[in-house]
Amino acid sequence: MPFPHTTKFLANIRIRYVVILTLLLACILFLTSFFGIRKNKSNMLGVMEREGTALLESLILASQNTVRANALVEKLVGERLRDIANLVNQMEEDGVLNNAKLENIAEENDLLRIDILDQNADVLSSSHPKDETIYLDSTGSVIS
């Protein structure tokens with residue numbers, strides 16, 4: 001029969017080892033998790049930074065393209081209006097220009113109206129001759 005003190009001593013030693021091993025394993029798991037989470041956070045921040053940079057670059061490129069496209073549209077509109085003005089000028093020089101032809105040109109070119117003014121801002125010809133309110137200010141006077 002073993003001594004009663006020896007069994008108790010062995011039981012206490014085993015519990016101590018189990019507790020120490022459990023604490024060591026818990027520390028190892030905690031440190032592994034902590035460093036893993038930290039590494040994942042660092043990786044995610046890197047990915048987000050690269051994606052943000054790519055998004056910013058694409059926005060810059062899109063705005064540059066928009067500015068270029070707008071400039072091209074303005075240039076084309078200016079050329080179109082110049083061509084219409086040249087047509088109207090040629091018709092006036094040929095003496096075939098009248099209000100009906102101005103109205104026809106305006107409709108064909110999707111223009112609101114075409115007016116020919118003299119140096120005093122008086123309407124000489126118009127695609128809408130009966131509507132001269134476009135040249136009136138808030139007091140009803142002709143804008144000059």
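**Entry 1. Asp-110**

I looked up Asp-110 and found it exposed, at a relative accessible area of 71%. The areas come from the Shrake-Rupley method with a 1.4 Å probe, and for residues only the protein chains shown count as cover. Asp-110 sits in the loop between α2 (99-108) and β1. Its phi is near 55 degrees, which is a positive value in a residue other than glycine.

**Entry 2. What kind of model this is**

I note that the model is predicted, that local features need pLDDT of at least 70, that side-chain atom pairs count only at pLDDT 80 or more, and that totals for chains, interfaces and linings use all residues. Residues are numbered from 1 along each chain as its sequence is written, and side-chain values use heavy atoms, with hydrogens and water left out.

**Entry 3. The chain as a whole**

I found two helices and two strands in the protein chain. Along the sequence they come in the pattern α-α-β-β. Helices (H or I, at least four residues) and strands (E, at least two) are DSSP runs, numbered from the N terminus. The chain has 144 residues, and 12% of them are buried. It exposes about 12200 Å², with carbon and sulfur atoms supplying 63% of that area. I also looked at contacts, meaning heavy atoms within 4.5 Å. Of the contacts with a separation of 6 or more, 23% are between residues 24 or more positions apart.

**Entry 4. Aromatic rings**

How many aromatic pairs does a search of the whole structure find? It finds two. Rings of Phe, Tyr and Trp (its six-membered ring) pair if their centres lie within 6.5 Å; planes under 30 degrees apart are stacked, over 60 edge-to-face, and the rest tilted.

Phe-30 and Phe-34 are a stacked pair, 6.2 Å centre to centre with 20 degrees between the planes. Both lie in helix α1, four residues apart, or about one turn of the helix. Phe-30 is exposed at 55% relative accessibility, while Phe-34 is partly exposed at 39%. Phe-34 and Phe-35 form an edge-to-face pair, 5.4 Å centre to centre with 70 degrees between the planes. Phe-35 is partly exposed, at 47%. I write down Phe-30, Phe-34 and Phe-35 as one aromatic cluster.

**Entry 5. Met-91**

Is Met-91 buried or exposed? Met-91 counts as buried because its relative accessibility is 15%. This residue lies in helix α1. Leaving aside neighbours within four places in sequence, I found Met-91 in contact with Val-96, Leu-97, Lys-101 and Ile-105. I also checked Leu-102, which is eleven residues from Met-91 in sequence and 9.8 Å from it in space, C-alpha to C-alpha.

**Entry 6. Ser-127**

I looked up Ser-127 in the segment after β2 (123-126). Ser-127 is buried, with a relative accessible area of 1%. Not counting residues up to four places away in sequence, Ser-127 touches Asn-99, Leu-102, Glu-103, Ala-106, Arg-113, Ile-114 and Asp-115.

**Entry 7. The largest pocket**

I looked up the largest pocket, which holds about 160 Å³ of space. A pocket, on a 1 Å grid over the protein atoms alone, is an open set of points where a 1.4 Å probe fits, with protein on both sides within 12 Å along at least five of seven lines; lining residues have an atom within 4 Å of a point. Grid points are joined across faces, edges and corners, and the volume is the space filled by probe spheres set on the points.

The lining consists of Leu-81, Ile-84, Ala-85, Val-88, Leu-111, Arg-113, Ile-114, Asp-115 and Ile-116. The elements that give two or more residues to this lining are α1 (4-94) and β1 (115-117). Its largest share, four residues, comes from α1. By class I noted seven nonpolar, no polar and two charged residues. Here Ala, Val, Leu, Ile, Met, Phe, Trp, Tyr, Cys and Pro count as nonpolar, Asp, Glu, Lys and Arg as charged, and the others, Gly among them, as polar.

Notes:
Buried < 20%, exposed > 50% of the residue type's maximum accessible area, 1.4 Å probe, protein only.
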